[in-house]
Amino acid sequence: MHRTGDLYGQFQTLEQQKETAALGMWIFLVTEVLFFGGLFLTYTINRSAYSTAFGIGSNTLDIKLGAGNTVVLIMSSLTMAMAVWSAQVGKKKLVGVFLIATLGLGTVFLGVKGVEYKQKFDHHLIPGRNFDMKYHPTHPMPGDDPKELALEKKEVEEAFAHDPDINAHGQLYFSLYFGMTGLHALHMIIGAGLLVWLIKGSFAGRFTPQYNTPVEVVGLYWHFVDIVWIFLFPLLYLIDRHR
Amino acid sequence: MSEHIVSPKVYFTIFAALMVGTGITVWAAFQNFGKFNIVIALGVATIKATLVVLYFMHARYSPHRTQLVIVCAVFWLAIMLGLTLADYDTRPHDMQPGEGRLVQPTPAHFLSV
Amino acid sequence: MLFITAICVFFATAITVAIVVFFFKFHRKQPNDVGVPIHGDSRLEAAWMIIPLILAMAMFSWGAVVYVDYRHAPKDTLDVYVIGKQWMWKAQQPNGLREINELHVPVGRNVRLILASEDVIHDFFVPAFRVKMDVVPGHYNTMWFRPTRPGRYHFFCSQYCGTNHAVMGGWVTVMEPSDYAAWLSGSSGGGADPVVTGEKLFAERACATCHVADGTGRAPSLNGLYGAKVLLADGTTVVGDEAYIRESILQPNAKIVAGYQPVMPSFQGQLTEEQIFALIAYTKSLQSLPVPDKGSGIAPSTGKK
Amino acid sequence: MSDTPNPLPGRQMPHEDYLNASYGIRSWLLTTDHKRIALLYLGSVTFFFFIGGIFATLIRIHLLTPSGALVTPETYNKLFTMHGVAMIFFFLIPSIPAVLGNFLLPLMIGAKDLAFPRINLLSWYLYIIGGCFALYSFSTGGLDTGWTFYTPLSSVYSNSAVTPAVIGIFINGFSSILTGLNFIVTIHTMRAPGMTWFRLPLFAWAQYATSIIFILGTPVIAITLLLVGLERMFHLGFFNPAMGGDPILFQHLFWFYSHPAVYIMVLPAMGVISEIIPTFARRSIFGYSFIAGSSIAIAVIGFLVWAHHMFVTGESTYAALTFSFLSYLVAIPSAVKVFNWTSTLYKGSISWDAPMLYALGFIGLFTIGGLTGLFLACLGLDIHIHDTYFVVAHFHYIMVGGAVMGYVGGLHYWWPKITGKLYPEALSRIAAITLFVGFNLTFFPQFILGYLGMPRRYHSYPPEFQVLNVLSTAGASILALGYLLPMAYLTWSMRYGKVAGQNPWPATGLEWKTDSPPPTENFHVTPEVTWEPYDFKNRPDLGLAAGAPLPAPAHGDD
């Protein structure tokens with residue numbers, strides 16, 4: 001199909017094209033909801049079966065990093081929304097600024113996630129042959145809070161006394177943890193790629209009050225990724241903190 | 001259909017609300033509310049998600065068609081989670097020979113051998 | 001069954017006849033002929049939504065009654081343990097007699113099979129009795145039937161389970177009760193009485209140190225546990241059935257009896273399915289023993305049997 | 001010309017159409033034209049149909065004798081698994097939507113293309129990549145888990161190439177999702193002026209309903225199979241009871257998609273039938289809004305019944321009762337469709353063209369398939385016939401008797417539009433009848449086999465089942481002939497067939513108002529719809545009014 005300016009050949013008007021693109025993205029997000037939904041269901045069923053193991057697994061996560069990341073991601077949603085606004089009101093320069101801010105915050109999020117993954121690796125909490133919930137409490141790492149570590153140790157020991165298979169159940173928790181956060185991170189990476197493309201476009205001054213469909217559509221996607229995290233954070237980090 | 005432009009003021013208000021929500025979740029997680037911990041955590045998360053959808057994603061100002069799409073997503077998610085959990089949750093109340101009570105263990109499984 | 005078949009045959013025939021009749025009767029005579037433009041009739045639509053709906057509900061109700069009955073065995077059953085593994089069936093009679101790919105049952109008794117799998121999902125299917133049930137690893141499923149005529153009947157595995165799925169079957173032999181009794185005592189070479197095995201295990205694995213019969217131990221007495229309601233720490237009750245006993249052996253902390261500490265270690269991975277069956281059989285044999293006033297997990301309202 | 005009236009004899013001047021607009025392999029592989037993509041799909045799904053068909057043939061030959069003389073048990077298990085995977089995921093699910101839907105949807109609603117042409121091409125590439133993974137799995141060790149991939153057999157115990165297969169289906173899933181997304185958006189935003197929702201062809205309604213299932217169901221199977229793949233590769237325990245996982249959970253997730261997937265296969269076929277019947281009965285369809293509504297109802301209720309595949313897994317009795325009840329509800333919209341189609345024949349002017357024969361065959365077979373579904377939905381009966389040949393026969397009646405009949409019938413019906421040529425009429429009628437007879441002979445005995453207690457997926461069976469198995473195999477050979485025949489003459493007609501003209505039947509849809517084959521942009525002038533669907537009376541342009549002059553092949557009105 002031929003393209004005239006910003007209008008693709010199969011459409012009659014720019015407005016129709018914009019509506020279509022937005023609807024397309026919304027429907028894509030519906031499939032994403034169900035895609036993550038399958039994981040959430042798996043998580044729910046297993047968590048209700050093994051709440052102790054899941055609680056212990058959850059408590060080994062670093063709540064400061066998790067909460068910090070939540071703030072970072074929500075902030076990136078704000079800058080994304082502002083980028084859309086800038087395009088809508090024709091502040092071409094601001095579009096680029098806000099997009100870069102979004103990308104920056106997204107990168108920070110992924111970086112923190114990387115740090116957390118590294119920790120889990122060091123603590124022998126990657127599902128597989130070397131997985132051992134007992135390892136970390138007995139092998140302190142530099143920078144660990146001894147009080148917290150002692151608490152963890154007590155918790156793990158108690159759990160082991162009753163259920164020698166807590167490692168298997170803990171592995172389930174971490175399989176789901178890596179599955180869910182990994183898939184979320186993958187979505188972030190794809191989103192970051194889209195942002196780079198948008199930033200290029202914004203430098204070329206492509207986005208105007210008349211034509212800002214790409215910014216808006218990518219914005220929808222980005223906010224969705226944010227929403228997934230809004231649910232992942234309490235489910236993975238906070239389920240058993242009150243013990 | 002003219003485009004509705006949301007003012008930055010709204011965005012910042014929503015952002016503030018989301019921050020407060022995050023604060024509440026984290027605070028509540030350390031209190032012991034028994035069964036209600038999970039309810040609070042997911043309740044706040046749902047409110048936060050709704051705010052994002054309505055304002056950041058402009059669903060509030062979108063055509064009915066888009067709103068219908070969102071409702072469908074939530075509805076189907078509810079079907080999947082609801083009906084599956086209904087199976088698991090009714091197993092403990094299932095009837096037992098002569099007793100009118102259940103047999104099946106919860107998904108607790110473990111195989112020996 | 002007959003009802004459903006009749007309805008289905010009726011509708012299939014009616015539609016076929018209608019199609020064939022219309023097909024010939026309204027065959028186009030002139031190349032330019034156009035049919036009569038009838039756009040529809042809401043009354044007709046309503047009729048053919050409501051009538052099938054009523055018929056469907058009748059079918060549903062019939063099926064539901066049969067199913068609920070099937071899923072809930074009567075009380076006085078002869079319990080046989082059946083284990084499926086790739087690709088054979090092992091059965092164990094109440095007296096411990098073991099069979100492979102064979103199952104002997106007396107005629108006229110309610111027989112309940114307690115099904116467990118050692119590997120993948122299987123399914124125990126006796127076409128002649130119209131019963132089947134999946135054998136799911138990690139779960140106990142039960143099924144029951146009441147044989148009415150002596151004879152030998154095929155049973156199959158009907159959930160696909162790998163290479164030799166098709167040959168994972170055998171014969172159910174239905175015998176006169178006297179023959180069955182003779183067969184049980186006659187072929188004693190099969191194995192020890194599971195109650196005896198269970199009792200031995202109970203001692204060997206030091207269960208008896210805590211589960212003291214008179215209720216003075218660190219754990220509740222098991223006398224009278226089977227079939228009774230157990231009061232749990234969270235205030236709910238649970239029936240002391242096979243599934244509960246199995247769970248309590250493998251995951252002691254899942255359901256703590258009221259008034260006791262969660263101190264029992266898990267026997268996950270330390271007992272075979274058959275040993276668990278034996279322990280359950282032993283627990284069942286304690287059903288009629290006197291329940292101590294204190295130190296039993298049984299809910300007071302139920303009292304002893 | 002053909003014996004059917006042809007209001008528009010072939011244009012005299014040579015015109016450009018989508019087939020000769022550009023040449024060369026690149027112009028096909030990089031095309032964004034929905035019509036060319038449809039043909040790419042046509043080629044690739046036919047390829048998978050062949051593969052699946054070969055497996056089916058071997059299965060039927062193997063089952064001639066009770067001991068199964070042809071192949072080893074391992075090979076047999078691989079054959080039926082690969083038959084299922086190839087046929088379901090790579091033939092039936094894409095067949096009507098991706099071939100006919102792709103070709104027709106924009107034409108039917110008067111659009112120049114789908115909403116997202118490049119995503120449409122991407123769908124095809126995803127399908128091909130997924131297909132390559134599946135073929136890789138088939139050729140390096142095969143696949144022996146059953147197409148249902150039940151855990152822990154698939155995730156732990158099977159020694160076959162499960163991982164590439166699940167990756168293939170995962171990727172193919174995204175092809176389905178993107179197709180569904182494209183269709184829904186297209187129907188919402190790309191309709192021509194005057195094409196209101198209630199003037200949409202019923203085929204478009206059916207595609208819409210199918211797309212709902214695509215976008216809501218497919219992501220769930222994608223994530224589920226992804227988890228199975230991960231479980232296999234990294235020895236995780238999501239569904240493995242030995243590690244604390246739950247195999248029943250897998251079945252819930254699997255059937256959440258795979259039951260609605262049955263409607264993905266049959267709904268578009270119902271759409272095809274709803275087009276063919278009014279055309280050849282030459283009268284308005286009976287109960288338009290009820291047929292349209294029942295498509296949506298099937299799509300929605302179809303999502304609420306999945307655990308009826310699990311009545312004997314030990315799911316809770318309450319859940320079983322609920323799902324059985326809901327399963328009966330889904331029977332109602334299907335019945336409504338059958339009644340309406342039959343009523344459309346009443347006082348029509350019925351011609352005996354091949355597409356009509358396929359359509360009537362569809363109604364007959366679908367009725368049997370649907371009614372036997374009532375047996376399976378009945379809890380008490382399902383205990384006995386679950387996982388037996390009764391189930392096999394039932395779903396083949398729906399999928400082969402229903403979906404494939406619809407697909408082949410639709411191919412015939414729109415063949416003149418797709419290629420601009422007519423197929424040989426006599427041969428095609430013979431093929432339709434051969435298919436119908438062969439199909440019934442193959443699968444009807446299987447109902448009886450199942451009721452007698454022969455479990456499915458058996459490479460050998462007790463000798464008392466032999467007679468019925470031999471009958472079934474005999475039928476299968478007739479059935480194979482019934483499939484090869486259309487493949488041969490349709491291919492032949494592409495070159496030697498008579499020129500079809502715009503509207504050979506004639507039919508009322510918008511797709512018949514443009515050239516055959518259509519030009520790349522579908523319509524020379526954006527069409528405007530002023531007529532009601534399936535209305536033959538007020539359409540002088542069809543040239544059916546007694547004594548009416550044939551309409552002039554004016555350029556302006558198309």
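**Entry 1: a loop in chain B.** I looked up H58(B), which sits in the loop joining α2 (36-56) and α3 (64-90) of chain B. Helices here are DSSP runs of H or I with at least four residues, strands are runs of E with at least two, and both are numbered from the N terminus. H58(B) is not a glycine, yet its phi is positive, about 60°. H58(B) is buried, having 21 other C-beta atoms within 10 Å (buried takes 20 or more such atoms within 10 Å, exposed 12 or fewer, partly exposed the range in between, with C-beta atoms placed from the backbone).

I note that the model is predicted: local features need pLDDT of at least 70, side-chain atom pairs count only at pLDDT 80 or more, and totals for chains, interfaces and linings use all residues. Residues are numbered from 1 along each chain as its sequence is written, and chains are lettered from A and ligands numbered from 1 in the order in which they are written.

**Entry 2: chain D.** I found F149(D) in the loop between α4 and α5 of chain D. Its phi is near 55°, a positive value in a residue other than glycine. F149(D) is buried, with 26 other C-beta atoms within 10 Å. P152(D) is in the loop between α4 (117-139) and α5 (153-157), and a cis peptide bond links T151(D) to P152(D), with omega about 0°. I also checked P506(D), in the segment after α15 (466-496) of chain D. The peptide bond from W505(D) to P506(D) is cis, and omega is near -10°.
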